[in-house]
Amino acid sequence: MRTLTLGGSTVPVIGQGTWFMGEQPDRQQAEVSALQQGIELGLSLIDSAEMYAEGGAEQVVGRAIQGRRDQVFLVSKVYPHNASRTGIPAACARSLTRLGTDCIDLYLLHWRGQYPLEETVEAFERLREAGKIRHWGVSNFDVDDLRELDNPACVTNQVLYNPEQRGIEFDLLPYSRKRQLPSMAYCPLAQAGRLLNHPVLHQIAEQHGATPAQVVLAWVTRDDGVVAIPKAVQPRHVQLNAAAASLSLRDEDLRAIDRAFPAPTRKQRLAMV
């Protein structure tokens, strides 16, 4: 499993997302089992948020990591409307309870909101000093946001990134790499929609004895400094995601993907979902 360093910790370049988990009670056991299977296969980074199913996804994660906490790099996110000096510690306490742990490895501001960044950072730092979180970062920040933040304690920026959404390649990814700030790609499979039906991805997958989803994950993580966090519930999908970390795309594969999904030639508004 390929890895990178995030906040001083070694994490796999492919982790596990939990968006849409915890929404249906009759599916939660399957979701718990999928996360546990992923941990066993080396997908030790698990990403969640208080927004996902209004805490339901964090509860699923809490069940999945019970007795396995030391095997997991745990990420969660705070709502912007909770990102105040008093709101963040209260939100973090609720997340810790749902997750069944006393510390979150990486706590992110989900997106920018009404509170000044200085106030949010101050609250993050107090949580870190209190041992409630180990590191903090941001999500859905563009270059101007990161310039305004300008804080070396921020260890990642989580953003939308897949072959259909390449806008960050124009300026955000280069800016982040220059500052050695890893990026975390959410929706790397574009929520498994039409992207995975593209004939070019099928052709490349066939040549590698892989699946289109594996090709996309290999593409998203092709360069140093990017972690992908796909969600999977089906056991087969979890296995394939883990195996994708070992897939190396050829130069001709990358050129074919560039032709099918052209790289940006100008600044684009940061895409979010």
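Biologist: Why is histidine 110 called buried?

Modeller: Its relative accessibility is 7%. Buried means under 20% relative accessible area, exposed over 50%, partly exposed in between (1.4 Å probe, protein chains only). So histidine 110 counts as buried.

Biologist: What is the source of the model, and how are residues numbered?

Modeller: This is a predicted model: local features need pLDDT of at least 70, side-chain atom pairs count only at pLDDT 80 or more, and totals for chains, interfaces and linings use all residues. Residues are numbered from 1 along each chain as its sequence is written, and side-chain values use heavy atoms, with hydrogens and water left out.

Biologist: Which residues does histidine 110 touch?

Modeller: Contact means heavy atoms within 4.5 Å. Leaving out residues up to four places away in sequence, the partners of histidine 110 include Tyr52, Lys77 and Asn140. UniProt, in an unreviewed entry, places a "binding site" at His110. Such annotations may be inferred rather than shown by experiment.

Biologist: What makes strand 3 and strand 10 edge strands?

Modeller: Strands are DSSP runs (E, at least two residues), numbered from the N terminus. Two strands pair if DSSP finds at least two bridges between them. The open sheet has the order 3-4-5-6-7-8-9-10. Strand 3 and strand 10 each have a single partner strand, so one side of each lacks a neighbour in the sheet.

Biologist: How do you know that strand 3 pairs with strand 4?

Modeller: They share 2 bridges, in the parallel sense. At least two are needed, so they pair.

Definitions and conventions. Helix = DSSP H or I, 4+ residues; strand = E, 2+ residues; numbered from the N terminus.
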